[in-house]
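Hi,

Here is the structure I promised to pass on.

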Amino acid sequence: MRIFSGIQPTGRKHLGNYIGAITQYVAGQDRGQAIYCVVDLHAITVAYDPPGLREAVYDTAATLLAAGLDPDRCIFFRQSDLQEHPELCWLLSSVTSFGELNRMTQFKEKAGAQRDLVSAGLFAYPALQAADVLAYRANEVPVGDDQRQHIELMRDVAERFNARFGETLVVPEHRIPEVGARVMDLQSPERKMSTTGGSPQGTVYVLDDPRNVSKKIRSAVTDSGSEVRRAPEKPGISNLIEILAAVRATPPEQVEREFDGAGYGAFKQAVADAVVDYLTPVRETYKERRSDEQALERTLAEGAEKARAIASDTVADVRRAMGVGPVR
Ligand code: AMP
Ligand code: TRP
């Protein structure tokens, strides 16, 4: 089984990214051939700072390595090191529907947030994402809930390609965790935790210092009740229950049972302590990893070579099937 996922090098990674996606990447290394990519070509589709982008790639790479990605057990690389991704994106754009791209909620959200320019790249973003995955003929894509629509689109692209040009691509499945697929902002629990759309006090960053992490969780917005249980009218408490369940890898029902009658204060303190313990080793290893940029470059370059060996075969097959280029 082949697993593929991509992560953006924008901003700092938060607890939602960590619980929803990064822990699944780490677990994927034991479940099959795992391939992960820092998607810098996606990051350039909105306004950004060029020197900052390179730094952000290192930050993200060091975070993933600190979280437990092991370059001996997975392929880990930077998207822009491979020309196969943009080439395949262009080839597949011929079987990607304009109407479908136009319905993507993430495009609409991001387009609405741009001040100067809504780029064609932002519109085509899901086509590049489709190319990322389809280039590896991956079976499974671990992501958080917000990527559901993008995975649906790449499945349609693969199916349309195969129907028109012959069986060439694998139709991938999403892998969205049952608990923690949508970690909410601690201050506005009706919104997902996010670097761009969230509130600073409601977003726990993986690299926040422990005092800050603890404070943010202890001051999370809750309701006026006192019962620790999940309910639609209790989005704040429900979010904290899911966070604790994900961090401890136990079912949320168990968290509810354990804190039955405990009150919000004790419960929040327990969540704060658990999240601090959970993130501390990552933050410490991160510092070591991040300080050696040459080592990071070497790791990414070795990953790119392994990735190219797979992706170039797929691109050759796609070109052949589409009648592009000379007969080979
Ligand atoms: P990004 O940083 O946008 O590349 O997102 C990386 C991964 O984190 C993707 O698989 C997202 O679906 C996931 N993700 C982002 N925000 C959240 C959240 N609030 N809760 C759970 N997963 C998330
Ligand atoms: N769009 C994804 C996000 O915002 C990142 C991404 C790019 C991705 N390429 C991918 C995720 C391929 C899964 C597979 O999180």
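This is a predicted model: local features need pLDDT of at least 70, side-chain atom pairs count only at pLDDT 80 or more; totals for chains, interfaces and linings use all residues.

**Ligand 1**

I'd start here. There are 18 residues around ligand 1, and the nearest are Q8, K13, G144, D146 and V183. The side chain of D146 puts a polar atom 2.4 Å from an oxygen of ligand 1. Q8 uses its backbone instead, with a polar atom 2.8 Å from an oxygen atom of the ligand. V183 also works through the backbone, where an N or O atom sits 2.8 Å from a nitrogen atom of ligand 1. On its own, ligand 1 has 490 Å² of accessible area, and the protein covers 90% of it.

Which element gives the largest share of the shell around ligand 1? That is helix 1 (residues 15–28), with four residues. Sorted by class, this shell holds six nonpolar, eight polar and four charged residues.

**Ligand 2**

Ligand 2 has 13 residues around it, with Q8, Y125, Q129, D132 and Q147 coming nearest. The contacts to look at here involve side chains and nitrogen atoms of the ligand. For D132, the distance from a side-chain N or O atom to a nitrogen of ligand 2 is 2.7 Å. For Q129, the corresponding distance is 2.9 Å. Q147 has a polar side-chain atom 3.1 Å from a nitrogen atom of ligand 2. Taken alone, ligand 2 exposes 360 Å², of which the protein buries 91%.

As for who builds the shell, strand 1 (2–7) and helix 7 (120–134) each bring at least two residues. Helix 7 gives the most, with four residues. The classes come out as six nonpolar, six polar and one charged.

**Aromatic pairs**

The count is eight aromatic pairs.

In the pair of Y25 and Y36, the ring centres are 4.8 Å apart and the planes meet at 25°; that is under the 30 degrees limit, so the pair counts as stacked. Y25 belongs to helix 1 and Y36 to strand 2 (residues 33–38), so the pair ties together parts that are 11 residues apart in sequence. Both tyrosines are buried.

The other pair is F98 with F123. Their ring centres are 5.3 Å apart with planes at 45°, so this pair is tilted. F98 is in helix 5 (residues 98–102) and F123 in helix 7, so to speak two distant parts of the chain, 25 residues apart. Are the two partners buried or exposed? F98 counts as exposed, at 57% relative accessibility, while F123 counts as buried, at 18%.

There is also a cluster, in which ring pairs link F4, F77 and Y136.

**A buried lysine**

K234 sits in the loop between helix 9 (210–218) and helix 10 (235–248). Why does K234 count as buried? Its relative accessibility is 5%, and the cut-off for buried is under 20%. The side chain of K234 makes a polar contact of 2.7 Å with the side chain of Y264. Leaving aside residues up to four places away in sequence, K234 touches D223, E227, R229 and Y264.

Two residues have a positive phi without being glycine. R137 has a phi of about 50°, and A249 has one of about 55°. R137 is in the loop between helix 7 and strand 4 (140–142) and counts as partly exposed, at 23% relative accessibility. A249 is in the loop between helix 10 and helix 11 (252–258), and with a relative accessible area of 68% it is exposed.

Finally, P281 lies within helix 12 (residues 264–290). P281 is partly exposed, with a relative accessible area of 44%. From P281 to A245 it is 36 residues along the sequence and 19 Å in space, C-alpha to C-alpha.

Over to you!

Definitions and conventions: Residues are numbered from 1 along each chain as its sequence is written. Chains are lettered from A and ligands numbered from 1 in the order in which they are written. Side-chain values use heavy atoms; hydrogens and water are left out. A residue is near a molecule or strand if one of its heavy atoms lies within 4 Å of it. A polar contact is a pair of N or O atoms within 3.5 Å; within protein, one must be able to donate a hydrogen and the other to accept it, and residues adjacent in sequence count only if both atoms are side-chain atoms. Accessible areas come from the Shrake-Rupley method with a 1.4 Å probe; for residues, only the protein chains shown count as cover. Ala, Val, Leu, Ile, Met, Phe, Trp, Tyr, Cys and Pro count as nonpolar, Asp, Glu, Lys and Arg as charged, and the others, Gly among them, as polar. Buried means under 20% relative accessible area, exposed over 50%, partly exposed in between (1.4 Å probe, protein chains only). Contact means heavy atoms within 4.5 Å. Rings of Phe, Tyr and Trp (its six-membered ring) pair if their centres lie within 6.5 Å; planes under 30 degrees apart count as stacked, over 60 as edge-to-face and the rest as tilted.
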